[in-house]
Amino acid sequence: MVGEDFLQDPQIRGWLDGVEPAWTLLTFESLRALRREPSAAQTAIRIANDLSVGEIAALPVARNTLILLRQAIERSGLPLTATANLSRAVVAEMRKLIEWPNYDQADAFRFNKVINEPDFLPLHVVRQLAQAATLVRAQRGKLVATPLGKSMLSEQGSLLAILFHLAFWHMDLGYFGRGLLGSWPQADVGVVLWSLSICANDWQTTEKLTRLCTIPEPAMFSETWDRTPYAMEAKILRPLLWFGLLEHRSEKIPSGRFGEHHFYRKAELFERLLAFDVQVGLSEGARH
């Protein structure tokens, strides 16, 4: 077991409210290993790079990245604005092609007279990921596919692994949480992913998963309201939904006119894409 003294802090105990975090099952060495970025030498987390074409086609991030690549190739580049975003004309066309989980375009754009790339979140996410992965690049005012990007159209098996590794270990997902709580909990994403692997077999609320799967930090307790579920959902749960690793459902809060409870559980792809090599101090099992 790890973290027993750490968990005696009164603030942390109050925040946990009787929940025992999954990561307390880990040995100290395994906890340390999960906090390192996966690599050929760091194998506590392994990301599969042999997905089938059919599997890729069912996953929002991968499927829409391929759409962006095909459009860039077929049109010999996609026009960019002076701020290096895709032009409004391209955005309008991509809105017809891109589908995204739990994203209602009519609702998202009801107050927008013009739609720029950053306004259309799915396209903005996919373009940023593809460019960071060097699948596309800016060239003479256009977004063009690179040789690596072109190769992905025929060698798709590793596409999700590349994008997933880049998103969770190299990009700042705080953008999606408006900077809420800094780098938490993405800084410990390996621990969070392993914890989800044993805790998210059944539907769990965002609040419960936050307590089961994250390592608390003092900054969490600097405000009068609990911001942690919002940061967890924005930086971890929703991105995992976009990658096809989680499923989502919501329920209206009975006591109020507005607001919903959000529930997540592992999708079948979770265990297909991610494998863990860790040691636990107790028998491994689902936490409740």
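Reader: How do the residues of the lining of the second largest pocket divide into nonpolar, polar and charged?

Author: There are five nonpolar, four polar and five charged residues in that lining. The classes are simple: Ala, Val, Leu, Ile, Met, Phe, Trp, Tyr, Cys and Pro count as nonpolar, Asp, Glu, Lys and Arg as charged, and the others, Gly among them, as polar. Please keep in mind that this is a predicted model, where local features need pLDDT of at least 70 and side-chain atom pairs count only at pLDDT 80 or more, while totals for chains, interfaces and linings use all residues. Residues are numbered from 1 along each chain as its sequence is written, and side-chain values use heavy atoms, leaving out hydrogens and water.

Reader: What volume does the second largest pocket have, and which residues are closest to its centre?

Author: First, the idea of a pocket: on a 1 Å grid over the protein atoms alone, it is an open set of points with protein on both sides within 12 Å along at least five of seven lines, a 1.4 Å probe is used, and lining residues have an atom within 4 Å of a point. Grid points are joined across faces, edges and corners, and the volume is the space filled by probe spheres set on the points. Here the second largest pocket has a volume of about 330 Å³. Its lining has 14 residues, and Pro229, Tyr230, Glu233, Arg238 and His262 are the closest to its centre.

Reader: Which element gives the most to the lining of the second largest pocket?

Author: Helices (H or I, at least four residues) and strands (E, at least two) are DSSP runs, numbered from the N terminus. H12 gives the most, with five residues. Helix H11 (206-213), H12 and S7 each supply at least two.

Reader: And what is the volume of the largest pocket?

Author: The largest pocket has a volume of about 880 Å³. It is lined by 22 residues, and those nearest its centre are Asn102, Tyr103, Leu121, Arg238 and Trp242. Two or more lining residues come from each of helix H6 (105-108), helix H12 (228-242), strand S6 (246-252) and strand S7 (260-266). H12 again leads, giving four residues to this lining. By class, the lining of the largest pocket has eleven nonpolar, three polar and eight charged residues.

Reader: S6 and S7 pair with how many bridges?

Author: Two strands pair if DSSP finds at least two bridges between them. S6 and S7 run antiparallel and are joined by seven bridges. Glu251 stands opposite His261 in S7, and Arg249 stands opposite Phe263. Phe263 is also the bridge partner of Thr205, as S7 is joined to strand S5 (residues 204-205) by two antiparallel bridges. Together the three strands form an open antiparallel sheet, ordered S5-S7-S6. S5 and S6 are the edge strands, each pairing on one side only. H12 lies across S6 and S7, at about 115 degrees to S6.

Reader: Which residue takes a positive phi in the hairpin of S3 and S4?

Author: That is Arg140, with phi near 50 degrees; the hairpin has two residues between the strands. Strand S3 (residues 136-139) pairs with S4 in the antiparallel sense over four bridges, and Arg137 has Val144 in S4 as its bridge partner. Strand S4 (residues 142-145) is also joined to strand S2 (residues 78-79), by two antiparallel bridges. In that pairing Pro79 stands opposite Lys142.

Reader: At what angle do the axes of H4 and H7 cross?

Author: Axes are lines fitted to C-alpha atoms, for helices over the stretch in contact, and angles run from 0 to 180 degrees between N-to-C directions. The axes of helix H4 (residues 60-74) and helix H7 (residues 121-132) cross at roughly 75 degrees and come within 9 Å. Therefore H4 is roughly perpendicular to H7 (the range for that word is 65 to 115 degrees). Contact means heavy atoms within 4.5 Å. Val61, Asn64, Thr65 and Leu68 in H4 meet Leu123, Val126, Arg127, Leu129 and Ala130 in H7. The contact of H4 with H7 has six nonpolar, two polar and one charged residue.

Reader: How far apart are the axes of H4 and H9?

Author: The axes of H4 and helix H9 (residues 159-169) are 10 Å apart, and the two pack at about 110 degrees. So H4 is roughly perpendicular to H9. Val61, Ala62, Thr65 and Leu66 of H4 make the contact with Leu159, Leu160 and Leu163 of H9. This contact has six nonpolar, one polar and no charged residues.

Notes
Angles under 35 degrees count as roughly parallel, over 145 as roughly antiparallel, 65 to 115 as roughly perpendicular and the rest as oblique.
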